[in-house]
Amino acid sequence: MSGSPGGRPVPGAPRRAKPIRRLDRVIIRFAGDSGDGMQLTGDRFTSETASFGNDLSTLPNFPAEIRAPQGTLPGVSSFQLHFADHDILTPGDAPNVLVAMNPAALKANLADLPRGAEIIVNTDEFTKRALAKVGYAADPLEDGSLSAFHLHKVPLTTMTLEALKDSGLLRKDAERAKNMFALGLLSWMYHRPTQGTESFLRTKFAKKPAIAEANILAFRAGWNFGETTEDFAVSYEVPPAKLPAGRYRNISGNLALSYGLVAAGQRSGLPLFLGSYPITPASDILHELSKHKNFGVRTFQAEDEIAGIGAALGAAFGGALGVTTTSGPGVALKSETIGLAVSLELPLLVIDIQRGGPSTGLPTKTEQADLLQAMFGRNGEAPVPVVAPATPAECFTAALEAARIAVTYRTPVFLLSDGYLANGSEPWRIPEVDELPVIEPGFATGPNTEEGEFWPYKRDPHTLARPWAVPGTPGLEHRIGGIEKQDGTGNISYDPANHDLMVRTRQAKVDGIEVPPIEVDDPDGQARVLVIGWGSTYGPITAAVRRLRADGASIAQAHLRHLNPFPANLGQVLGSYEKVIVPEMNLGQLAMLLRAKYLVDAQSYNQVRGLPFKAAQLADVLWAAIGTLDGSED
């Protein structure tokens, strides 16, 4: 890319004679006030990186408040992007580059930077008042405290205002474009495409063309500043990754999950109904599904969590694929209706995008502490299958799998994602439609007894699923409800033996769900330690395992995507290793289940900080586990 005579960056044109350094990967963190547009900046840089062909992983991190006090530590919003010319699994442990829009952003993120990292700061915000607000006694840009880093002092606000001096915008409106100046500068530094961002801005501000053009001018000014300034003497090139053949797009976990639900409706032939109440970090699914009426999707924003799931269960009774989305606090409110769905034995998808708890907890931070709630958080014996995706892109296939289980076995199903997966993104290979599984509802069409009657609890001998009868179908009149039913007929029954039979049958139905065996990654078959995880810990665990193997260690890895029922071979796998380590973003919930069911000494490694594990952190833990077996603690 190079500047044209008009100052516009032109992708593909010859670059000026500044040195270009080739890298295999980079970790960049944009940080600023929650009103500085860091999420938009990071998202645009990510989109251009995806279009360039790099593998990538992201970690958005923002306050729960709509607008925290400006310039304060609680108000800092950040977006971290890790991109590479090879397969990567995490957003990275430590940024190589920090873009800090104010003193709060610098102070909140400085501890995460390794020596030698580059820091780009907006010097216009380093006023005495702003420094004092976050506890700086002296200006860190001048006192030598940042000597371990490569510091670039850039007056982003001043330069943005200068670029927009003829735009006709008020100063306040012009200042808001400083994030686009920063984006332009970083786009120059790392050879990112530019046309996509310009097209995006024109679309986003189509009704405000002056704002669109101002942002584009600021974006171009940032790019040209990088090209001409002496402060940035080197630019960097990260070549595209060699990914398996196919058509790719960048996708977040919530978007992938939404698309998976739409695909499930299409592959089952069922209308998709979402009954939901907005809650962080699940609301994006409601927003996205509301756009897809052309695929037979109906969305209902209810007045509360209970009404949302009640409507979804009613839709399931009416022959639709019923879905409700929420987070942990909403699951607590929905629990009675989930129990009703267990009793009715109707398909229902309960999507839980987990966040930090208890109570309101950490609405915008990640955690995976709802596992035991999903397993047991209902009165009585009310077993529910549980599925958990491992990556943002995998949320698509997890939604299809949850729908397959729900429809095939006539049961509510939990899908446990979390804030890290929901908001993070990665490249996703877009599948062909004929690659997707067909989900057959198999509605009842007529009487199912020799006497010509329809019994709503006469079961399929293989799946133990009861027939699904659409209301209004002639000859299929039947009675269902929350009070215990008689086996077969569905009549109300208080008979002790019948209740025992129905409880055991519902449990047997869930226990008998066919799920794939768990796969073990043990290249040489000599490992004595197995690390096993579930959900979003997949990336950090796998990255840590790769580090150990690169250093000559032998270690096995397995990852659970089905948590109820467990894969049939799980007990055998666990018993094959001398030591089992279970990293979780909770206080040991999966480890508790494994110890109880398989009587193995599963050892927990836990973190509940609202952030994902770091690969280096897990690598140290796994090295220690191997060392104890070898008779060494080093």
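Strand β16 (residues 386–387) pairs with β22 in the antiparallel sense, and two bridges hold this pairing. If you look at V386, you will find N564 of β22 as its bridge partner. Please keep in mind as we go that this is a predicted model.

Now step back to the sheet that contains this pair. Seven strands make up an open sheet with mixed pairing, and their order is β13-β12-β14-β15-β17-β16-β22. The edges are taken by β13 (297–301) and β22 (562–564), and each of these has a single partner strand, so one side of each is left without a neighbour in the sheet.

Move along the sheet to β14, residues 321–326. Here six of the six residues are buried, so the strand is largely enclosed by the rest of the structure. You can check this face by face: L321, V323 and T325 are buried on one side, while G322, T324 and T326 are buried on the other. Strand β12 (residues 272–276) runs parallel to β14 and is joined to it by three bridges, with F273 standing opposite G322. Strand β15 (residues 348–354) also runs parallel to β14, this time through four bridges, and T324 stands opposite V350 there.

Let us turn to the helices. Two packed helices are described by the angle between their axes and the distance between the axes. Take helix α9 (residues 253–268) and helix α14 (residues 394–409): their axes come within 7 Å and cross at roughly 35°, and the crossing is right-handed. On the α9 side, the contact is made by G253, A256, L257, Y259, G260, L261, A263 and A264, which meet C395, F396, A399, L400 and A403 in α14.

A second pair has another make-up. The axes of helix α1 (residues 38–52) and helix α7 (residues 195–204) come within 10 Å and cross at roughly 135°. The two helices are therefore oblique to each other, and their crossing is right-handed. The contact brings together L40, R44 and E48 of α1 with G196, T197, F200 and K204 of α7. These residues divide into two nonpolar, two polar and three charged. An α-helix has 3.6 residues a turn, so residues three or four places apart point the same way. With that in mind, look again at L40, R44 and E48, the α1 residues of this contact.

While you are at α1, have a look at T41, which is found in this helix. T41 is buried, with a relative accessible area of 0%. Leaving out residues up to four places away in sequence, T41 touches F30, N179, M180 and L183.

For a contrasting setting, find D231 in the loop between α8 (209–228) and β10 (235–237). D231 is partly exposed, with a relative accessible area of 35%. Beyond its neighbours within four places in sequence, D231 is in contact with H152 and K153.

Our last stop is helix α19 (residues 589–598), where Q589, L590, A591, L593 and L594 are the buried residues. After α19 comes L599, and its phi is positive, near 55°.

Note on methods. Residues are numbered from 1 along each chain as its sequence is written. This is a predicted model: local features need pLDDT of at least 70, side-chain atom pairs count only at pLDDT 80 or more; totals for chains, interfaces and linings use all residues. Side-chain values use heavy atoms; hydrogens and water are left out. Axes are lines fitted to C-alpha atoms, for helices over the stretch in contact, and angles run from 0 to 180 degrees between N-to-C directions. Angles under 35 degrees count as roughly parallel, over 145 as roughly antiparallel, 65 to 115 as roughly perpendicular and the rest as oblique. A crossing is left-handed if the near helix is turned anticlockwise from the far one by less than a right angle, and right-handed if clockwise. Contact means heavy atoms within 4.5 Å. Ala, Val, Leu, Ile, Met, Phe, Trp, Tyr, Cys and Pro count as nonpolar, Asp, Glu, Lys and Arg as charged, and the others, Gly among them, as polar. Buried means under 20% relative accessible area, exposed over 50%, partly exposed in between (1.4 Å probe, protein chains only). Two strands pair if DSSP finds at least two bridges between them.
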